[in-house]
Amino acid sequence: MAVIELREISKVFSATSRNEKDVEALRRVSFTVKDGEFVCIVGPSGCGKTTILRIIAGLEESTSGSVLLDGTMVAGPGPDRGMVFQEYALLPWRTVVGNVQLGPEIHGVDSETRRKIADYLVGLVGLHGFENKYPRELSGGMKQRVAIARSLANDPKVLLMDEPFGSLDAQTRTMMQDEVLGIWGKTKKTVIFVTHSVEEAVYLADRIVLLTARPASVKESYDMRTSRPRNRLHHEFVEMRSKILTALSEEVGRENWRA
Amino acid sequence: MKAVTHRHLRILSVVLAVLVWQVIGWLGVFPRHLLPWPTSVLTSLISLSASGELASHVLISLTRVVAGFIIAAGIGIPLGIAIGWSKIAESLAEPVLEIVRPIPPIAWIPIAMLWFGLGFKPAVFLIFIGAFFPILLNTVAGVRGTSKVLVEAVRTLGASDRDTLVKVVTPSSVPSIVAGLRIGVGVGWMCLVAAEMTGAGSGLGYMVIYYSGILETSNVMVGMLVIGAIGYAMSYAIEKVEDHLLRWRE
């Protein structure tokens, strides 16, 4: 079981100097993610999508409201929530296996078990043969596979993905989307995936949570009923995509008007 | 082909320097007993080596520099990590260090001699003073330069403060620490020679000052060239260690 519940999360970033103003990033954001669900969060850029993820991960504290994982309040980072960063965040002095083993190593798992976990996960993300390579020897897509494997090594209840494919080229990105769906299918993890690409969200998600412009709150939630693999040219796909894009552009428009 | 050419140029560089030296000698800019010719220096090198005198000076100088350097690294690296990592350590240590740091190592010689007398101890102390600050400051810079996202990544994996320090902050500071060690060994070596010239009865610095006093200039130049060669060798050795330690780097 891994149910994530956000209850009226608000976040205000306090001004750090006199000529700055407090920034209200999130205003009473509430939504629930069901066990095993793949939820994508989309919204205008700079609206606070990443902040929501960081609060769930425990890297940031909310100003008010709470995050519940299986009914228990989340405080600080923990191995029950794995996070994948846009910048991969691999330790450059560790090999692929060294990076994947990091979580179990921190938790004192013995080296043989660690080795087994790493071996399985390296295979799961399709990197057999690259075990002893350093990150600098890998392409962007491969680095992100390593990062996904590393976050799975702790066997987290939830996988938090922060624009993981944002810096990949279009082709690799498409490939990685299928890859992540494959991994999700095998591991049955609950996934919260932040993206600024509506198309990516429509391709991946069970449900899409659309945020308003800053301060962000939930504008709309869309259930995706089409079966996978989805055809990006199918009329249902195109309709859903344009429906969400229209709603999103209202928000982008509002933001521009305010600025 | 290109590598061979560069190698040739490097050899040429040394040959040219010796040639210029010899030409200045022939021109008589300085009398020969003040500027000995390369051939006389070579002869002195051979006789000083044969007698074992040079080796004993080299050995004692190296022992001092290694001792001072190890103490400097042993204190500088942990202290640097503490200052870079903890605001409390920073506020406690930095004011004092900032006042002590601008004092040139040479200015420590008189007090070092009063505290430690002559010979091994004041020299080691001076090397420590010279090598300590480059090592410390580079370590602090390395720790502070640790990527925030790497720290966050291991936090989400469940890392404690200690795990973060051991598994992320320290390894990510290694390039900077090694750079500090390289600078530190160079400064330490210079300080050693200065210390031996004023407060020691052995070592390469002593050898140089001793033979200049009795106008054995070719022995002086042997001493100077050996000091240069050893300084170069130490820096080269650290560079090799660096290449090995940092083979993961781009």
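Helices in these legends are DSSP runs of H or I with at least four residues, strands are runs of E with at least two, and each kind is numbered from the N terminus. The model is predicted, so local features need pLDDT of at least 70 and side-chain atom pairs count only at pLDDT 80 or more, while totals for chains, interfaces and linings use all residues. Residues are numbered from 1 along each chain as its sequence is written, chains are lettered from A and ligands numbered from 1 in the order in which they are written, and side-chain values use heavy atoms, with hydrogens and water left out.

**View 1. Chain B consists of ten helices and zero strands.** Followed along the sequence, chain B has the pattern α-α-α-α-α-α-α-α-α-α, and its C-alpha trace spans about 70 × 60 × 30 Å along the principal axes. Of the 250 residues in chain B, 44% are buried, a word used here for a relative accessible area under 20%, with exposed meaning over 50% and partly exposed the range in between (1.4 Å probe, protein chains only). When contacts (heavy atoms within 4.5 Å) in chain B are taken between residues at least 6 apart in sequence, 73% of them join residues at least 24 apart.

**View 2. The interface of chain A and chain B brings 26 residues of chain A into contact with 20 residues of chain B.** The two chains bury about 2000 Å² between them, and 68% of that area lies on carbon and sulfur atoms; buried area is the accessible area (1.4 Å probe) lost when two parts are put together, summed over both. On the side of chain A, the residues that lose the most area to chain B are Trp93(A), Ile106(A) and Arg136(A), which together account for 35% of what that side buries.

**View 3. Polar contacts cross the interface, and several elements of chain A contribute to it.** Six residue pairs are in polar contact across the interface of chain A and chain B, with both residues at pLDDT 80 or more; such a contact is a pair of N or O atoms within 3.5 Å, of which, within protein, one must be able to donate a hydrogen and the other to accept it, and residues adjacent in sequence count only if both atoms are side-chain atoms. On the side of chain A that touches chain B, two or more residues each come from helix 1 (49-57), strand 6 (81-84), helix 3 (102-106) and helix 5 (140-152) of chain A. Helix 3 of chain A supplies the largest share of that side, namely four residues. By class, the side of chain A that touches chain B holds 14 nonpolar, five polar and seven charged residues, where Ala, Val, Leu, Ile, Met, Phe, Trp, Tyr, Cys and Pro count as nonpolar, Asp, Glu, Lys and Arg as charged, and the others, Gly among them, as polar.

**View 4. Asp155(A) and Lys189(A) form a salt bridge within chain A.** A salt bridge requires a side-chain nitrogen of Lys or Arg within 4 Å of a carboxyl oxygen of Asp or Glu, and for the side chains of Asp155(A) and Lys189(A) the distance from N to O is 2.4 Å. Because Asp155(A) lies in the loop between helix 5 and strand 7 (158-162) of chain A, and Lys189(A) in the loop between helix 6 (170-187) and strand 8 (190-194) of chain A, the pair ties together parts that are 34 residues apart in sequence. Asp155(A) is exposed at 57% relative accessibility, whereas Lys189(A) is buried at 9%. Over all chains, the count of salt bridges comes to 28.

**View 5. In chain B, Glu242(B) and Arg182(B) are joined by a salt bridge.** The closest N and O atoms of Glu242(B) and Arg182(B) are 2.9 Å apart. Glu242(B) belongs to helix 10 (residues 217-245) and Arg182(B) to helix 8 (residues 161-199) of chain B, so that the pair links distant parts of the chain, 60 residues apart. With a relative accessible area of 8%, Glu242(B) is buried, while Arg182(B), at 29%, is partly exposed.

View 6. Asp243(B) is partly exposed, with a relative accessible area of 46%, and Lys240(B) is partly exposed at 42%. Elsewhere, salt bridges that share partners join Arg54(A), Glu60(A), Lys148(B) and Glu152(B) into one network.
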